[in-house]
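Subject: Structure handover

Hello,

Here is the structure I promised you. Please open it next to this email and read along.

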Amino acid sequence: MKDAPGTRDYDWWLLAILAAICTVGVIEIYSATHGSPLAGMHMRQVRWLVIGFALMFALSRLDYHLILDQAPLLYVIGIVALIAVLVMGHSRFGAKRWIPILGEFLQVSELVKLIIIIVVARFFAEVRTDELSLPDLIKAGLLVGLPLVLILKQPDLGTALVLLPMLVVGAFLAGLQWQHAAIVSLVGILAVGSVFYPPVSRHILKPYQRERVTSFLHPEEDAKGSGYQVLQSKIAVGSGGFWGKGFGNGTQNQLGYIPVRYSDFIMAAWAEEQGFKGVLLALGLYMALLLRLVQNAQRAKDRAGMFLVMGVAAALGFHVLVNVAMVIGAMPVTGIPLPLMSYGGSATLFVFLAIGLVMNVRLRRFVN
Amino acid sequence: MASYVIVGMVGVLLLGFWKLQVIDSDKYLSMAERNRVRSIPVIAPRGRMLDRDGRVLVDNRPSFSVLLLRDDPALVDKNLPGISEGLGIPIEDLKDDLSTTRNLPKFQPIVIKPEASDADVAFIESHRSDIPILEMISISRRRYISGGFMAHASGYVGEVGEAQIESSNGRFRPGDFVGKTGLEKQYNDLLMGTDGLRRVIVNSVGKEVGPLPTQEAIPGKQIQLTIDYDLQQVAEQSLGTRPGAVVALDPRTGEVLAMVSRPTPDPNDFSVRVSKEEWKRLNEDPLHPLLNRAIQAQLAPGSVFKIITATAMLEDKVPPESYTAFCPGYATFYGRQFKCWVYGKSSHGVVNFRKAILDSCDIFFYNVGMKLGIDRLAYYATKMGIGHKTGVDLPSEESGLMPSQEWVERVFHRKWYAGETISVSTGQGAVTTTPLQLARTIGGIAMGGVFKQPHLLKDAQNVGEERFNISEPTVQKITDAMYGVVNDGGTGASLKLAGIELSGKSGTAQVIGYSTRERLGKQKKFEDNAWFVGYAPRRNPEIVVAVLVQESGQHGGTASGPVVRDIIKAYYDKKNKNTQGQTTVEYNHYDFGEGTNPADAAAVVHAAQSEAPAKIEGASAATAAIIPPQPESQTVPPPSKGTRR
């Protein structure tokens, strides 16, 4: 096994796409926060980006097989951390999601996302049959289900949901049988249905979550209550028009009508100021990113590498879909950030570490 | 396969953006604009009203109104209890305000407290950040001279009604203050300015972050009135609190120098908002304080009408000027007895034209009326201004009524009874006039037949006039007789003023007939209405004053005459002030009798409703809207005693 692959082997296209998305994000964070009490936030984001790049390169050097070997340990660490957060975590915005690490508050669930990608990859890589058996499927479900429930308890519905596409994509690639798929889909539909069915949702959702669901279903009924965020976001996006209002000129953005305009709703701010053409650019970059990830997965030298990269692609794709759909009012507000554009330390670090795994797999694609 | 999923996903998202940003973009753009811009009205102050010498009669005082910005219902709900407590408004009232205005656009603020106290202003200023939905606008409120000074002429303002908004072609908006009555209503277009709009950019928590171009308010125009503050004041004080009215005119121009109506509300009470209870009380008050009696009280003019009968007689020479009647205190027509006002006390004996006016002998004019006939009488009365509106520049003027054959046929589908002419010729029966009409008519006769359109706006354009040629000898004799009423021992002798040719005619009009009065006993409610119409000088007068004192129980010369005298004296005092100094005035304190008509006809008339009169029996007549000629007026009233002075 040859060590230290050359810098030529890095996916420079992928890095260029990443850099472009980060630039767009920093520009819009600046536009959304300059001249407000949050001014300077874009520089803090740049700092996270720098740290993220460093961690990405560091992680890419460490052979992913070594990481996969430690999957059980990582899983235990993740579960313990989640329990620790529930017991003694730091509350912000009404949820226990943060623990202090290195003087910053980090969201444990972001780290757990990464761990689950690794654990799921390891699990399915070891299933050597062409078809995924039901016991294996159930095992995988339990493996993902435990941290999912713990994250739901924080409560953080958005992050919990992100674990599902990792499992689904992994299961498909591992040869999910259509009967099982049908059953799981049915269960999934029932689960989603119960969320939207008040008599049931009353027991399983927190009040704020129910409110979000309600306001998603009937935004006009309560234009200034829970539906306020979605409506203001749609106004921002719609009023941007094709050409946009120009950098720093979005009234919805500058006057604070867009909720958390520098983070979860940054796409609304971007769409208002840059218009449809800007949206085209941003979504084009995300599409290129995801396609590039899929390409890398196909070129992985082994099943484990492929599962790792596809896990990352599934997680990022799900983030983009749910976040952007929320911004245009097509999905309820779930609090999932837009990867690399939304401000946020933990989320940014997660994305870079995940990309670090991808690079890791890529660097070793010829090694054998 | 994964690649297709990715491309499909991005494509669907892009479609979503296309829908919002391209297809529905305009809709969201206007929503964003409404979010961003807050419009706060800048209320244009109303124009002031000045008297003829430029003294302020009606102006404005600064005041703050508290606005509630409703564009964020969540914020409104959250802050209602705090607002209720801070401004001392019951929370139910706030909710009422919100529910009644829920159909207005959300970005339009509503007034929740029209008159903010200093404490309210302090509360709003100190809670700017935590209650960002309160706003104050400076409003200029109407300020009238207190105590109801000139209140009926000036009128008052109030919040515009639904019907007015609809008929205004968008000129009025809910919450606007417009003239409701009087000059405020008549000249509302002049007085009312155009409100401006202060537009500001607000951020998502309602804080103002920057200005936008402001639309300036255009203040209303100031109007100068013909009212003379000094005369108005004398008129107000002289009439006192007695129900009635005063109108002073310059018959040469039609300018109204003073106009008083009693009782009066204080329009300052309406300048903010009238409570429902107060409004109800004013409307149900049996004395009708909201009625402008100067132009809306339609009452029998009593003996003042004899001047018209006399003019008709001299002009038609029917009967000839030399005609005399013998007055034993009563006369009999068609087998029925009609009394003169001296009945039971004395008699007038042989009465000629001049003596008939000086002593106000009813018998003389009964005979004149019988000889002239109702048609000639109605012809002259109508030509000289009775029975139709004067055209004064005030809303809701009443026309009074001059009965005629044509009128009874049209309204009652019956023939005119000759006996009715007897009542009408002395100003009783169905004939009714307003104080303003009488002032204009008597002034016009003294002017030789020029009847100017009364008006209160100083620089009124195209003042109308009606000319009715009255021959010079007739004017001479009539005015001489009216001079004699005051200065030659007539019914107004107590009013004599040294150095001033005060002339005039008294009138004491019965509210109900004698028979009814006897039945009910002598209640104040049914006392006579006292009139006096005086002018000076004797020919081509400069001022004519009509005074009505309602149900005073006194005759015209006693109750109303002094008011006329006071005003005319004040007019000359003012006129002579700089040149001759104060005029010494001699008062004669003789108590003279006064003629009233014995015809058993009621004639109290309050406002409006002059259409479709209903037939009303005696006692209820006092409260009725209009009294048709009663069949009773032809019956001979039983001789009554002790009701005369």
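In which helix of chain B is Met9(B) found? Met9(B) is in helix H1 of chain B, residues 2–23. Helices here are DSSP runs of H or I with at least four residues, strands are runs of E with at least two, and both are numbered from the N terminus.

Before going further, two notes on the source. This is a predicted model: local features need pLDDT of at least 70, side-chain atom pairs count only at pLDDT 80 or more, and totals for chains, interfaces and linings use all residues. Residues are numbered from 1 along each chain as its sequence is written, while chains are lettered from A and ligands numbered from 1 in the order in which they are written.

**Confidence**

The model scores ipTM 0.90 and pTM 0.65. Chain B averages a pLDDT of 82, and 86% of its residues score at least 70. (pLDDT is the predictor's confidence in each residue, from 0 to 100.) Residues 581–645 of chain B stay under 50. The model has 179 contacts beyond four places in sequence for that stretch. Where pLDDT is low, the predicted coordinates should not be read in detail.

**The two chains**

Chain A has 15 helices and three strands. Of its 368 residues, 51% are buried. Buried means 20 or more other C-beta atoms within 10 Å of the residue's own; exposed means 12 or fewer, and partly exposed lies in between, with C-beta atoms placed from the backbone. Chain B has 23 helices and 21 strands. Of its 645 residues, 49% count as buried.

Two residues are in contact if their C-beta atoms, placed from the backbone, lie within 7 Å. Take the contacts with a separation of 6 or more. In chain A, residues 24 or more positions apart account for 70% of them. In chain B, residues 24 or more positions apart account for 75%.

**Where the chains meet**

Chain A brings 32 residues to the contact and chain B brings 30. On the chain A side, the elements giving two or more residues are helix H11 (227–240), helix H12 (251–254), helix H13 (266–298) and H14. H13(A) gives the most, with 11 residues. By class, the chain A side has 20 nonpolar, 10 polar and two charged residues. Nonpolar covers Ala, Val, Leu, Ile, Met, Phe, Trp, Tyr, Cys and Pro; charged covers Asp, Glu, Lys and Arg; the others, Gly among them, are polar.

Back to Met9(B). Leaving aside its neighbours within four places in sequence, Met9(B) is in contact with Gly317(A) and Leu321(A). Met9(B) counts as buried, because it has 20 C-beta neighbours inside 10 Å.

**One helix in chain A**

Look at helix H5 of chain A, residues 108–126. Its 19 residues should span 27 Å at 1.5 Å a residue, and its end C-alpha atoms are 27 Å apart, which agrees. The expected span is 1.5 Å times one less than the number of residues. In H5(A), 18 of the 19 residues are buried, so the helix is largely enclosed by the rest of the structure.

**A sheet in chain B**

Three strands of chain B form an open sheet in the order E1-E8-E9, with antiparallel pairing. E1 (37–42) and E9 (208–211) stand at the edges with a single partner strand each, so one side of each has no neighbour in the sheet. The twist averages 40° from one strand to the next. Angles run from 0 to 180 degrees between N-to-C directions, along axes fitted to C-alpha atoms.

E1(B) pairs with E8(B), residues 196–202, over six bridges. Two strands pair if DSSP finds at least two bridges between them. Arg38(B) stands opposite Val200(B) in E8(B).

Most residues other than glycine have a negative phi, and most peptide bonds are trans. These places depart from that:

- Leu340(A) is not a glycine, yet has a positive phi of about 75°. Leu340(A) is in the loop between H14 (303–327) and H15 (345–363) of chain A, and is buried, with 29 other C-beta atoms within 10 Å.
- Met150(B) is not a glycine either, and has a positive phi of about 55°. Met150(B) is in the loop between E5 (134–144) and H6 (151–154) of chain B.
- The peptide bond from Val318(B) to Pro319(B) is cis, with omega near -10°. Pro319(B) is in the loop between H13 (306–316) and E13 (325–327) of chain B.
- The peptide bond from Ala536(B) to Pro537(B) is cis, with omega near -10°.

Best wishes
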